[in-house]
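Here's a quick briefing to read alongside the model.

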Amino acid sequence: MAEQSDVFGVELRRLRTAAGLSLATLAQQVHYSKGYLGKIETGIKQPGVDLARRCDAVLGAGGRLASLVDQPAPASPPAAVAADGDGEVWVMSMAPDGSSWMVPMPRREAIATGAASLLGLTLGAPRSASAAAAHDGTLTAFRSLFAQVRQLGQTTSPSVVLPMVTVHTHTLRGMANGAPSPVREQLLGLAARYSEYAGWMAQEAGDDRAAMWWTRNAVEMGAAAGDTELATYSLIRQALITLYRDDAVGTIDLAQQAQAAPGTSPRVQGLAALREAQGHALACDYDNCQRALDRAAALLDEADTSSGMVIGSASVSGADLNSLVAAWCLHDLGQSRQAADVLDRQLSLVPETAHRTHARFGARRALAYAAAGDIDHASALAAKVLDAADLVDSATVRQDLKRLARLLGRERDHAAVREVHPRLNAALRSPVL
């Protein structure tokens with residue numbers, strides 16, 4: 001660690017001197033104290049990745065300084081879980097107070113106790129002459145329910161949404177068991193979309209293992225319905241898990257695999273390119289990040305979203321999503337002021353009812369303002385984010401709130417920080433958020 005501090009400090013001083021900046025000027029631009037930077041340059045203090053990113057951005061070092069900071073090895077992603085056979089099933093448990101949660105259980109044990117009865121549900125297909133019309137009505141109803149469930153997922157906790165999505169997924173799968181083609185494929189295809197959304201809600205609830213199980217189910221049902229694109233999208237879902245584990249290499253690799261998959265629609269390729277850009281930003285690689293963003297913008301502009309059953313976020317348009325992710329990347333690249341400006345513009349275009357989107361990117365906006373040195377505004381934004389976060393109970397948003405708490409914690413002399421910091425810490429300790 002001492003050797004790392006020495007190498008980083010020497011390189012920081014070399015780059016600063018080459019840029020013609022005094023220690024005081026650099027300190028002002030990266031919003032760290034002159035004394036702290038002095039201790040970094042002399043090797044007395046250990047450098048952190050946040051400081052390294054900011055110095056990289058100001059000095060145009062292209063990630064050189066960030067690469068010199070030792071970071072903890074990213075946590076291993078959850079192992080893939082078999083969706084059928086003799087593997088596990090996930091059973092919904094409910095308490096008398098109405099709270100619910102998913103628990104893994106060996107399939108044989110679930111069958112023996114009757115807990116997996118819903119998984120084996122067979123409703124059968126209508127046998128009358130009006131069977132086709134009956135199935136059309138069922139599909140229309142469940143598609144409408146899916147749109148409503150996604151809207152609900154923007155305004156409330158995953159613990160509220162997951163029970164409904166679970167029942168709808170298994171019901172559609174059970175109906176498909178006894179249905180003739182092509183109705184069977186249509187039912188399975190819709191069940192796969194429900195299952196994929198359940199995976200997202202499970203990740204938002206902080207259960208990556210359950211998220212991967214639901215996603216694996218979606219892939220298998222999609223394949224049975226002739227929809228191979230969900231297999232590609234599952235790579236993007238895995239890449240989101242690795243992104244939140246600060247695994248830049250894993251995120252880039254999974255996103256590139258998704259883009260290389262044959263027969264992938266422009267929308268899914270565009271979403272994969274956005275994820276790749278986030279991975280490059282995490283690795284402080286500005287050039288490759290920008291190339292991925294440009295590729296994503298072109299692909300999302302080409303994508304057809306008229307069906308309403310789009311994969312990925314439905315709360316923002318493709319162009320807005322590209323800009324929001326670009327701002328996300330700018331912050332990770334140390335260009336926090338630019339990130340804040342973009343997020344100001346783009347979040348004003350997101351519907352007020354999309355609380356989950358406002359919480360996610362609003363936390364990034366507060367982080368960007370804090371990193372840019374505007375502590376008062378960052379504190380005011382933090383209060384707004386906490387209002388949204390209280391509603392949606394997001395494990396992924398919570399990670400950015402932890403980063404925000406650390407940043408604001410360095411500025412406790414500010415009156416605005418003294419006001420919001422206790423609430424921020426209390427929210428992070430709460431089992432609800």
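This is a predicted model: local features need pLDDT of at least 70, side-chain atom pairs count only at pLDDT 80 or more; totals for chains, interfaces and linings use all residues.

**Overall picture**

- The protein chain has 20 helices and 2 strands.
- Of its 433 residues, 53% count as buried.
- The protein chain exposes about 18,800 Å², and carbon and sulfur atoms supply 54% of that area.
- Take the contacts between residues at least 6 apart in sequence: 66% of them join residues at least 24 apart.

- Aspartate 246 isn't a glycine, yet it has a positive phi of about 60°. You'll find aspartate 246 in the loop between α11 (229-244) and α12 (248-260).
- Cysteine 284 isn't a glycine either, and its phi is also positive, at about 60°. Look for cysteine 284 in the loop that links α13 (266-282) to α14 (286-302).
- Is cysteine 284 buried or exposed? Cysteine 284 is buried, because its relative accessible area is 7% and the cut-off for buried is under 20%.
- Serine 181 and proline 182 are joined by a cis peptide bond, with omega at about 0°. Proline 182 sits in the loop between α8 (158-177) and α9 (183-204).

**The α12/α13 pair**

- Two packed helices are described by the angle between their axes and the distance between the axes.
- For α12 and α13, the axes come within 8 Å and cross at roughly 160°. That angle is over 145 degrees, so α12 runs roughly antiparallel to α13.
- What is the handedness of the crossing of α12 and α13? The crossing is left-handed.
- On the α12 side, the contact is made by Ala248, Thr251, Ile252, Ala255, Gln256, Ala258 and Gln259.
- On the α13 side, the residues making the contact are Gln269, Ala272, Ala273, Arg275, Glu276, Gly279, His280 and Leu282.
- Sorted by class, the contact of α12 with α13 has 7 nonpolar, 6 polar and 2 charged residues.

Conventions:
Residues are numbered from 1 along each chain as its sequence is written. Side-chain values use heavy atoms; hydrogens and water are left out. Helices (H or I, at least four residues) and strands (E, at least two) are DSSP runs, numbered from the N terminus. Buried means under 20% relative accessible area, exposed over 50%, partly exposed in between (1.4 Å probe, protein chains only). Contact means heavy atoms within 4.5 Å. Accessible areas come from the Shrake-Rupley method with a 1.4 Å probe; for residues, only the protein chains shown count as cover. Axes are lines fitted to C-alpha atoms, for helices over the stretch in contact, and angles run from 0 to 180 degrees between N-to-C directions. Angles under 35 degrees count as roughly parallel, over 145 as roughly antiparallel, 65 to 115 as roughly perpendicular and the rest as oblique. A crossing is left-handed if the near helix is turned anticlockwise from the far one by less than a right angle, and right-handed if clockwise. Ala, Val, Leu, Ile, Met, Phe, Trp, Tyr, Cys and Pro count as nonpolar, Asp, Glu, Lys and Arg as charged, and the others, Gly among them, as polar.
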